[in-house]
Amino acid sequence: MSRSIRPRTRRAAWLALIAGGALTAAGCGRADAARLGEAGDAAAKVYVAPGKYDEFYAFFSGGFDGQVGVYGLPSGRLLKHVPVFAQNPENGWGYSEQTKPMMNTSYGFVPWDDAHHPQLSQTAGVPDGRWLFINGNNTPRIARLDLTRFETEEILEIPNSAGNHSSPFVTENTEYVVAGTRFSVPAPQRDVSIDDYKEAFSGMLTFATVDSATGHMAIAFQIRLPAFDYDLSHAGKGPSHGWSFFTSYNSEQGDTKLEVNASQRDKDYIAAINWKRAEQCVAEGKAAAQPARYAHNLMGDDGIARTEWGTGVRVLTPAACPGLAYYLPTPKSPHGVDVDPTGEYIVAGGKLATVIPVHSFSKMQKAIADQAFDGEEQGIPVLKYQATIAGEVQNPGLGPLHTEFDGRGNAYTSMFLSSEIVKWSLKDFKVLDRAPSYYSVGHLMIPGGDSRKPWGKYAIALNKITKDRYLPTGPELAQSAQLYDISGDRMRLLLDFPTIGEPHYAQALPASLIKERQLKMYSLMQNKDPYAVRSEKATKVERSGGVVHVSMTSVRSHFMPDKIEGIRVGDSVYFHVTNLEQDWDVPHGFAVLGANNAELLLMPGQTRTLVWVPGQVGVFPFYCTDFCSALHQEMQGYIRVSPKSSSIALKWNSPSYQAVAERDEHAERSDHDDHDEHGGKR
Ligand code: RUQ
Ligand code: CUA
């Protein structure tokens, strides 16, 4: 009796610990001043003198804010907040006509998301500074940012997926970005009972190619797996090139109360996917074509985003493609899966595990060759745990989640429950050091720490809870990162810095890889926006029914035109503003009183369009919102709005006015003549 109770009690204790998010810093007792960043030289190590640059760019996911934060390291200074999945009224992202299509999905316009994992593009397994990918977790999407502009250039929706958590995780040469569904769903979606979970739901993994010249993504194939929750992923490299690994939990396939029901088994799985094999099977026609509607949003070279609609996907099943997928048993509800720089070790983080299991790729290959199977899961061979495991890190701490590497043979694992980073050796899997984090570290990050060539100087803890580390700010406290010096034998905490949104994961690389490649301005002469005006002479205002197009310019320190009359209540006024500047760091803003959407921020040489629908009669100012010169406050204008029935003619003060007004008058006269002929409609 008591024997049967004990395991359950232990599990209950675990669950209580997890649910409560225990804040006990296991390392705390051991912490001495030098380890906590209080030593005199900690400040000097993170101090970047005025006018000097940081050594690394770091890209933090914004979590629930759907954006990317760019920070300098080691200073922790925030450099930029790049809008990705979420509308950003500060610069009009997702509000301007040119950028709205970026938020199109098969569910309609979705102007927000939950962004978790930034991934730098890699060449030969090393971050190359070209692009940054990031997943949208809620409405499954992958975005690509261009690192010469720090702007989002492309967003690809992932069909047959829900909760795009194990994404985007690039392969060694950015052949693919991947997307594993966290929530299994009916694929394609249909009306079925949730009770039919096991039979009717699938766990779909998606592989999207990345064009090596343009970065453009395209869904190559999907793989239909059992209805587990696919949580995280990393690609193989070197000897394990051609494989991608996905953790899964809920191999119990519970469809309710997962907290308990998905924690029954001792081991869940890492899915090892041989994507080279998948390519063969697809080439041999073994993938089934399946209709699927998904948005692919791409910024054109005219600066205008457009949506192309995907109509189908090719779906592979392990049954149709033997050798495609294997399951590696892994304790227990594994979360992170990380591949060491040599490509030999596959490290899992089991949220509920008491060890850190380390699989060996070469042992896995041998186990496959020897058919060392321990049964199967819906046709997918399960490899014997003992046949693939290289070792287990014993007593690492509580709640291992994610592991990164320093390139010197060491691994660093975040311990969520015991709030610490644990350093261990890839040689003998022995713990070498531990440093407390404040508090509840989720991901951790070493620049290049998931690549073949980590720049192993710093580690960052991305903490879930801040508690008492900063001045309090009401019920919601600042999000927090902590920077550690990992260059010596022992880790040393150097700095706390607050971050925006909820940073889940981050990636970093030496600034030298991108710094010199920054785009300084858009070329005005090559501006292909159909409403771009390249000089003040060409500015104009044109009406077509209830739509008015204002093609205007901004330059220090005025708009052309800055006096507009002849607008009527209810008109849709399209302000197409072109920034004529051709200097670095001279954006202009544009804002109009009462606009129901946003303001605009115009980069030099760029055109952006804001729609304004005036709802009342009056004369309304518009002005520049970006302090651009000593006469920035003079950068303003007025637009007059008359009653709907008004016949006041369009009028504006730009050099084009006379010519356009005469042309319009002429057109109106012949229009009159036309109508008179047909019975005097006017
Ligand atoms: S995770 S909850 Cu990357 Cu550990 Cu998203
Ligand atoms: Cu233009 Cu301020």
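I started with Ser 193, which I found in the loop between S10 and helix H3 (197-200), taking helices (H or I, at least four residues) and strands (E, at least two) as DSSP runs numbered from the N terminus. This is a predicted model, in which local features need pLDDT of at least 70 and side-chain atom pairs count only at pLDDT 80 or more, while totals for chains, interfaces and linings use all residues. Residues are numbered from 1 along each chain as its sequence is written, chains are lettered from A and ligands numbered from 1 in the order written, and side-chain values use heavy atoms, without hydrogens and water.

Ser 193 counts as partly exposed because its relative accessibility is 35%, and I kept to the scale on which buried is under 20% relative accessible area, exposed over 50% and partly exposed in between (1.4 Å probe, protein chains only).

I then looked up Lys 384, which sits in the loop between strand S23 (380-383) and helix H7 (385-388). Lys 384 is partly exposed, since its relative accessible area is 40%. The separation of Lys 384 from His 216 is 168 residues in sequence and 39 Å in space, C-alpha to C-alpha.

**Ligand 1**

Which residues are around ligand 1? I listed His 116, His 117, His 165, Leu 232, His 335, His 402, His 443 and His 504, where near means that a heavy atom of the residue lies within 4 Å. I sorted this shell into one nonpolar residue, seven polar and no charged, counting Ala, Val, Leu, Ile, Met, Phe, Trp, Tyr, Cys and Pro as nonpolar, Asp, Glu, Lys and Arg as charged, and the others, Gly among them, as polar.

**Nonpolar cores**

The largest nonpolar core holds 45 residues, and I noted Phe 59, Phe 60, Val 68, Leu 73 and Ile 460 as those with the most contacts inside it. Strand S1 (residues 56-61) gives this core the most, namely five residues. I also found a second, separate core of 28 residues, and Phe 169, Tyr 176, Leu 316 and Tyr 327 are among its members. A core here is a set of buried Ala, Val, Leu, Ile, Met, Phe, Trp, Tyr and Cys residues joined through side-chain atoms within 4.5 Å.

**Strand S18**

I followed Tyr 327 from the second core into S18 (residues 325-331), a strand that is mostly covered, with seven of its seven residues buried. Ala 325, Tyr 327, Pro 329 and Pro 331 point one way from S18, whereas Tyr 326, Leu 328 and Thr 330 point the other way, and I recorded all of them as buried. The partner strand is S15 (residues 267-274), which pairs with S18 in the antiparallel sense over seven bridges; pairing requires that DSSP finds at least two bridges between the strands. Within this pair, I found that Ala 271 has Tyr 327 as its bridge partner in S18.

Why is strand S6 (residues 119-123) largely enclosed by the rest of the structure? I put this down to burial, because four of the five residues of S6 are buried. S6 pairs with strand S7 (residues 126-136) in the antiparallel sense over four bridges, and Thr 123 stands opposite Val 126 in S7. I noted that the two strands form a hairpin with two residues between them, and that Ala 124 in the turn has a positive phi of about 50°.

**Backbone points that I checked**

Most residues other than glycine have a negative phi, and most peptide bonds are trans, so I listed the exceptions that I came across.

- I found a cis peptide bond from Leu 73 to Pro 74, with omega near 15°, and Pro 74 lies in the loop between S2 and S3.
- I found another cis peptide bond joining Pro 331 and Lys 332, where omega is about -20°, and Lys 332 lies in the loop between S18 and strand S19 (334-339).
- Phe 169 has a positive phi near 40° and lies in the loop between S9 and strand S10 (176-180); I recorded Phe 169 as buried because its relative accessible area is 1%.
- Gln 371 has a positive phi near 50° and lies in the loop between helix H6 (361-369) and strand S22 (373-377); I recorded Gln 371 as exposed because its relative accessible area is 57%.
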